[in-house]
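Q: Could you walk me through this one? I would like to go piece by piece, with the cut-offs spelled out as we go.

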Amino acid sequence: MQTPAPPEPIEISETTTDWLGALRDAGFLALFTLGLSFPILAFRTRQDLTQGLVLDPRWELVATVVSIAFFARLGWLIFGGQLSQATSSAFSAAAKTLSPLKAHVTTFRYIGLTWLIAYPFLAVLIAGPGGALKWIDNFGIQILIYIMLGWGLNIVVGLAGLLDLGYVAFYAVGAYSTALLSTHLGFSFWMCLPLAGIFAAFWGILLGFPVLRLRGDYLAIVTLAFGEIIRLVLINWVELTNGAAGISGIPRPTFFGLPFNASDEGFAAFFGLEFTPLHRLFFLFYLILALALLTNWVTIRLRRLPIGRAWEALREDEIACRSLGIDTVKTKLTAFSIGAMFGGFAGAFFAARLGFISPKSFEFMESAVILSIVVLGGMGSQVGVAIAAVAMIGGTELLRELGFLKQVFGDSFDPTQYRMLLFGMAMVAMMVLRPRGLISNREPTVILHEKRAIGGDMVKEGHG
Amino acid sequence: MAQADAQMPDTALEPILRVEHLTMRFGGLVAVNELSFEVARGQITALIGPNGAGKTTVFNCITGFYKPTSGRIAMFAGTPQTDAAIDALTNSPNTHAHTANGGVYLLERMADSEISSKAKVARTFQNIRLFTGMTVLENLIVAQHNWLNLASGYSVLGLVGAPSFRKAERQAIDLAVAWLDRIGLTDRADDPAGALPYGDQRRLEIARAMCTGPELLCLDEPAAGLNPRESSELNKLLMSIRDGNGTSLLLIEHDMSVVMEISDHIVVLEYGTKISDGTPDFIKNDPKVIAAYLGVEDEEFDDAEAELEK
């Protein structure tokens, strides 16, 4: 490439485009793409019958990618300005038309709650008893578990600003304490649930004591390590946890002592209903809904209490907190243990829902997914976290529904294989478009005259 | 040093803070060397000195952000404490002691948050440290965290919305609003603190420190970056804190219009040692201070040297 000539004083109106410049720019990008794709895409390697390596050239693919890069860049340079203008004006117009709706927030809250309560019935009505299983279990219950985990982690990361990469450890503590207590000691689910929360909170404090002196990246690394330690202990302490094979036969939760089975003492028989597996799913759905709403309610209440304000103050400026007499270690520990407690509750539910757990369910990937739900949703925002969980978990579940794409891409195409790719693309897009998450505004916790949302640019994100 | 000690003002004044032989070393660098001074109760004491004299280090030692290498920093509550009580505490492993008529706190032994919550010493920072993403009102409520958290029954009473907690919260808001009225920011109570102009942020930080209910307020360059009008408003605010709230003040300041106008007592530092200590009039005319700190014309410098050699 030559060094670009200094811009000449061209007398053109603002609407005309610099075609030559655009072509040159797009051409450069096409060259760049060619250079990048040559070692990656140009040859497929395979072994022939003599075990020798054969390179199959794929020049059509390279040509396609390069021309996509060229024309996409050219199109963006020519129409991009108008496009971004149009979208931003559309966004502001939408915001203007939607702003009167802000007065009806409570109404929306009730509509949302009614919808959630009616959801399993709607699923049965629309999809029929057989088809509803998937919608209640894969979409309803699965998403609600992640919403609850997201809300639990939101206390630690969003409010207190402590970057925790090992949150799944507390989920595991909750799940394993439920599994062990119920299979060895015969505790019922309803006894295990509070105990799981207490154990997880206890582990949260235990981890917190040595770790909370660390800040930012260091805290993230140690929590990451803690998550891995818990998982490795679960795999290797075979006598207690049955190792990688996991624990099965965990008793299912009962409806005040009534099991969900076809027996005469079962839930269906007691209420004179015909037995169907849907009863259990309905029950599990409402159970996790109640647990998630409890998490939400407690978080919202705590935020308006001195302890919640201290968490947010800690996220904003730890040194200022200390100068005001706030014991930062205790404050961090409460955030850590309360967040862990909700993770423990969710873990207890997880164990009882499936009846089987293994260390495979508690890998680092889970922590990463939960953390990205919190980050995408907007740290500290309850609604944002819920939306992000629906989009991310619901989105990956929806990939299973895209079987028709096989007709386009051939039979070997499996949409679920692209889950992590889409995940990453969503992350990159979010970080470019809305770096502070879907809902970045912060709601004040106490108001003197009128409520004004605080823009995300004012709010600090916390560095441990 | 003996000369400076001899010039201590009015020894009848009751001290609230006594710093004795304070030394702070960072590796080989001696930032503060054998510094001793007193802050009198109900007075404004200024700590001045050229850049790098160790003023902020002294502040960080007093407020617990640094652990001093050696020395004693005693904070007194209530009526004057006897030397015997202070020595008894020093020889014990405790951080503070309650006596019949007050208490003694050894700040060099206490953690920063305890110094604020127990010994009642509040501070502000040279570079303002507000909670920028929280509203002005929230900043003042966070400052009342300790008693409010107690009133919320460590969140248990607060979670169920107990009336006693609601009442406490009302009181906290009332105190915050009273301070907002005093600093003239009531209209901006619901705006994020980070959106305030610089001068307002300075005043808000002082109000926030006062909401912790301190006996001694330490201000690190409160007038830095203020215009003359804002400086004079600040002077009024600081004097009203001294006279109206009975809080003693210790401040670091470079702005001589502030220092000379409001200080009752000035301590001058240079290279970590005290070079002068007295009333503003005394300091103004002290040739050592003029020579070392304010800068002098050549002939004045000679005069000052001659003065010193006497």
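Q: How far apart do the C-alpha centres of domain 1 and domain 2 of chain A lie?
A: They lie 44 Å apart, with domain 1 covering 19-82 and domain 2 covering 108-401; the domain bounds come from an automatic or database domain assignment. This is a predicted model, in which local features need pLDDT of at least 70 and side-chain atom pairs count only at pLDDT 80 or more, while totals for chains, interfaces and linings use all residues. Residues are numbered from 1 along each chain as its sequence is written, and chains are lettered from A and ligands numbered from 1 in the order in which they are written.

Q: OK, what does the model score, and what is the mean pLDDT of chain B?
A: The model scores ipTM 0.85 and pTM 0.83.

Q: Switching to the interface: how many residues of chain A are in contact with chain B?
A: On the chain A side 34 residues take part, in contact with 34 residues of chain B. Helices H9 (278-303), H10 (306-316) and H11 (318-323) of chain A each supply at least two residues of that side, where helices (H or I, at least four residues) and strands (E, at least two) are DSSP runs numbered from the N terminus.

Q: Which helix gives the most, and what classes of residue are there?
A: H10(A) gives the most, with seven residues. By class, the side of chain A that touches chain B has 17 nonpolar, five polar and 12 charged residues, where Ala, Val, Leu, Ile, Met, Phe, Trp, Tyr, Cys and Pro count as nonpolar, Asp, Glu, Lys and Arg as charged, and the others, Gly among them, as polar.

Q: Staying in chain A, at what angle do H5 and H12 cross?
A: The axes of H5(A) (residues 189-211) and H12(A) (residues 328-354) cross at roughly 145° and come within 7 Å; axes are lines fitted to C-alpha atoms, for helices over the stretch in contact, and angles run from 0 to 180 degrees between N-to-C directions. The contact of H5(A) with H12(A) has 16 nonpolar, eight polar and one charged residues.

Q: Now chain B, how is that divided?
A: Chain B has domain 1 (2-120 + 214-309) and domain 2 (129-213), with C-alpha centres 28 Å apart. Their contact takes 12 residues from domain 1 of chain B and 11 residues from domain 2 of chain B.

Q: What is the strand order in the five-strand sheet of chain B?
A: The order is S2-S1-S4-S6-S5 in an open sheet, and the pairing is antiparallel; two strands pair if DSSP finds at least two bridges between them. The edge strands are S2 (29-40) and S5 (96-99) of chain B, each pairing on one side only.

Q: What about the six-strand sheet, which strands stand at the edges and why is one side of each left without a neighbour?
A: That open sheet of chain B has the order S7-S8-S9-S3-S10-S11 with mixed pairing. S7 (121-123) and S11 (273-278) of chain B stand at the edges, and each has a single partner strand, so one side of each lacks a neighbour in the sheet. Three bridges join S7(B) to S8(B) in parallel, with Arg123(B) opposite Cys218(B) in S8(B).

Q: Which strands does H10 of chain B lie across?
A: H10(B) lies across S3, S8 and S9 of chain B, running at about 150° to S9(B).

Note on methods: Contact = placed C-beta atoms within 7 Å.
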